[in-house]
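Reader: Could we go through this structure together? I would like to discuss some of its local geometry.

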Amino acid sequence: MNHTADVPGTTPHPVSPARPPELLALPGGAALRRRRVADAAAVNAAVHANLEHLRPWMPWAKAAPTMDQTVEMSRAGEEVWDTGTDFMYVLGTDAEPDGVLGAFGLHGRIGPGALEVGYWIADTHTGRGLATAGARALTAAALALPGISRVEIHCDEANLASAAVPRKLGFRLDRVEDALVTAPSETGRKLIWVTTG
């Protein structure tokens with residue numbers, strides 16, 4: 001969520017005058033593609049299939065989303081892309097171009113000149129380097145945008161798999177912040193990983 005969206009009468013400002021590529025090829029025949037409303041059924045199926053895998057770390061995974069909720073989230077994702085505040089992607093493969101193996105995003109919620117990378121991967125596809133490859137591609141795409149000089153990855157201290165991604169990519173651990181516990185496995189200690197390219 002963009003901070004200015006919380007202030008009545010204000011409109012979220014684009015993080016950059018440009019937009020990242022809508023398709024980012026990854027090694028091994030995978031790709032990140034801009035999330036569209038047309039992806040809603042595949043996203044909904046992927047979330048339902050991975051609810052137990054996602055629930056420990058994702059506050060939004062407390063309950064399975066309805067199809068209408070997923071359509072609305074996809075529509076909102078298209079709008080924020082067009083506005084230039086957030087950029088939502090789905091992960092697919094050449095073998096299943098319409099399938100969804102996870103979701104990624106560049107989020108403009110951390111202040112000017114910066115984007116936060118977020119990601120999740122389907123349980124059956126973890127451990128294959130897809131989160132690292134996707135985060136690497138999004139980091140490069142973010143830093144190529146005019147006005148963006150910093151990329152961050154945030155995760156709970158106990159989420160070792162998620163923390164391995166920025167470590168592999170050469171991000172530095174900038175700080176550890178106290179945070180509200182919003183998912184069952186969280187500790188309330190959030191790691192803030194940073195890179196400036």
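Author: To begin with a term: helices here are DSSP runs of H or I with at least four residues, and they are numbered from the N terminus. Please also note that the model is predicted.

Reader: Which residues of α5 are buried?

Author: Helix α5 covers residues 160-168, and Ser162, Ala163, Val165 and Pro166 are buried in it. Viewed down the axis of α5, the buried residues fall within an arc of 145 degrees, so they line one face of the helix.

Reader: And which residues are exposed on the other side of α5?

Author: Leu160, Ala161, Arg167 and Lys168 are exposed there.

Reader: What do the buried residues of α5 pack against?

Author: They pack against β5 (114-121), α4 (130-143), β6 (150-156) and β8.

Reader: Let us turn to β8. Where is Thr195 placed, and why does Thr195 count as buried?

Author: Thr195 belongs to strand β8, residues 189-195. Its relative accessibility is 13%, and buried means under 20%, so Thr195 counts as buried.

Reader: Which residues is Thr195 in contact with, leaving aside neighbours within four places in sequence?

Author: With those neighbours left aside, Thr195 is in contact with Thr139, Ser149, Arg150, Val151 and Phe171.

Reader: A change of topic: at what angle do α1 and α3 pack?

Author: Helix α1 (residues 40-49) and helix α3 (residues 67-83) pack at about 120 degrees, and their axes are 9 Å apart. The two helices are therefore oblique to each other. The crossing in which α1 passes α3 is right-handed.

Reader: Which residues make that contact?

Author: From α1, the contact is made by Ala40, Ala41, Val43 and Asn44, and from α3 by Met67, Thr70, Val71 and Ser74. Five of the residues in this contact of α1 with α3 are nonpolar, three are polar and none is charged.

Reader: One more residue, then. In which helix is Glu79, and what does Glu79 count as in terms of relative accessibility?

Author: Glu79 lies in helix α3. With a relative accessibility of 48%, Glu79 counts as partly exposed.

Reader: What separation do the C-alpha atoms of Glu79 and Leu143 have?

Author: Those C-alpha atoms are separated by 22 Å, and Glu79 and Leu143 are 64 residues apart along the chain.

Methods:
Residues numbered from 1 in each chain as written. Predicted model: local features only at pLDDT ≥ 70, side-chain atom pairs only at ≥ 80, totals over all residues. Heavy atoms only, no water. Axes fitted to C-alpha atoms, helices over the stretch in contact; angles between N-to-C directions. Parallel < 35°, antiparallel > 145°, perpendicular 65-115°, else oblique. Left-handed = near helix turned anticlockwise from the far one by under 90°. Contact = heavy atoms within 4.5 Å. Nonpolar A, V, L, I, M, F, W, Y, C, P; charged D, E, K, R; others polar. Buried < 20%, exposed > 50% of the residue type's maximum accessible area, 1.4 Å probe, protein only. Arc of directions from axis to C-beta.
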